[in-house]
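Please read the following note with the structure open beside it. It is arranged as numbered points.

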Amino acid sequence: LNVGGPAVAVTHLTERLGSPDYQSILVCGTIEPGEGDMTYYAKERGIEPIVIPELGRSLSPIRDIKTLWKVYQLIKKEKPDVVHTHAAKAGFVGRVAAWLAGVPVIVHTFHGHVFRGYFSPNKTQFFILLERLTARISDTIITLSDGLRRELAEEYRITRKGRITVLPLGLDLGIFTQMGRKAGVFRKEFGIAADAPLIGIVGRITPIKNHPLFLHAAELILKQLPNARFVIVGDG
């Protein structure tokens, strides 16, 4: 449950697919060093995640086998009708454990992918191979957009398009639609003139978000609009 959209998404899924109609369990791993923890977000909504300490992003054969065994045991104990996985490592371990345990429905959501900007070419190809294998035991793969569906099917050949379901995230945006807008508070705090064009990027400061592209665009814009100002909002 590191800081990011997936942590918010799985929390809301667990919350909304709850009693009285459903029973959902949220299972997660440990946070990597240097990353923020959003476990509080789940607990604020009455969800107590089951933490598998061995489950982490980095590769570790012995630790990963222990993780697979623990998740398999948990699934055998709880006997879920559906196992829905998120993120690369949890997606692989969770789906293999669910398949071994004979779970009726196995689903995986790609919130993005780690095939560009994260690892070396050899390691990236290894992850692509794992995703192709686990796609075969998935009843469907979910993507948040048509563009991601196209990438997975055509560029990386994870599975065919017909086995990918596009399902945008359902998030409560009420807090944003109800708040005051364009009151000038941000501009005043940072001394930005009211008539200066203000351009921002909001997201984790990590390679996949491509902040260099934003900075390059800023350089080009400044040549035409010298009074433009730019803001980067994020952590990482």
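Predicted model: local features only at pLDDT ≥ 70, side-chain atom pairs only at ≥ 80, totals over all residues.

1. Residues are numbered from 1 along each chain as its sequence is written, and side-chain values use heavy atoms, without hydrogens or water.

2. Two packed helices are described by the angle between their axes and the distance between the axes. The axes of helix H3 (residues 61-78) and helix H4 (residues 88-100) come within 9 Å and cross at roughly 50 degrees. H3 is therefore oblique to H4 (angles under 35 degrees count as roughly parallel, over 145 as roughly antiparallel, 65 to 115 as roughly perpendicular and the rest as oblique).

3. In the contact (heavy atoms within 4.5 Å), H3 contributes Asp64, Thr67, Leu68, Val71, Tyr72 and Ile75, which meet Lys89, Val93, Gly94, Val96, Ala97, Ala98 and Leu100 of H4. These residues divide into 9 nonpolar, 2 polar and 2 charged.

4. The second largest pocket has a volume of about 310 Å³ (on a 1 Å grid over the protein atoms alone, a pocket is an open set of points where a 1.4 Å probe fits, with protein on both sides within 12 Å along at least five of seven lines; lining residues have an atom within 4 Å of a point). Of its 16 lining residues, Ala9, Leu13, Pro168, Leu169 and Gly170 are the closest to the centre.

5. Which element gives the most to the lining of the second largest pocket? H1 does, with 4 residues. Helix H1 (5-16) and strand E3 (82-86) each supply at least two residues of this lining.

Notes:
Points joined across faces, edges and corners; volume = space filled by probe spheres on them. Axes fitted to C-alpha atoms, helices over the stretch in contact; angles between N-to-C directions. Nonpolar A, V, L, I, M, F, W, Y, C, P; charged D, E, K, R; others polar.
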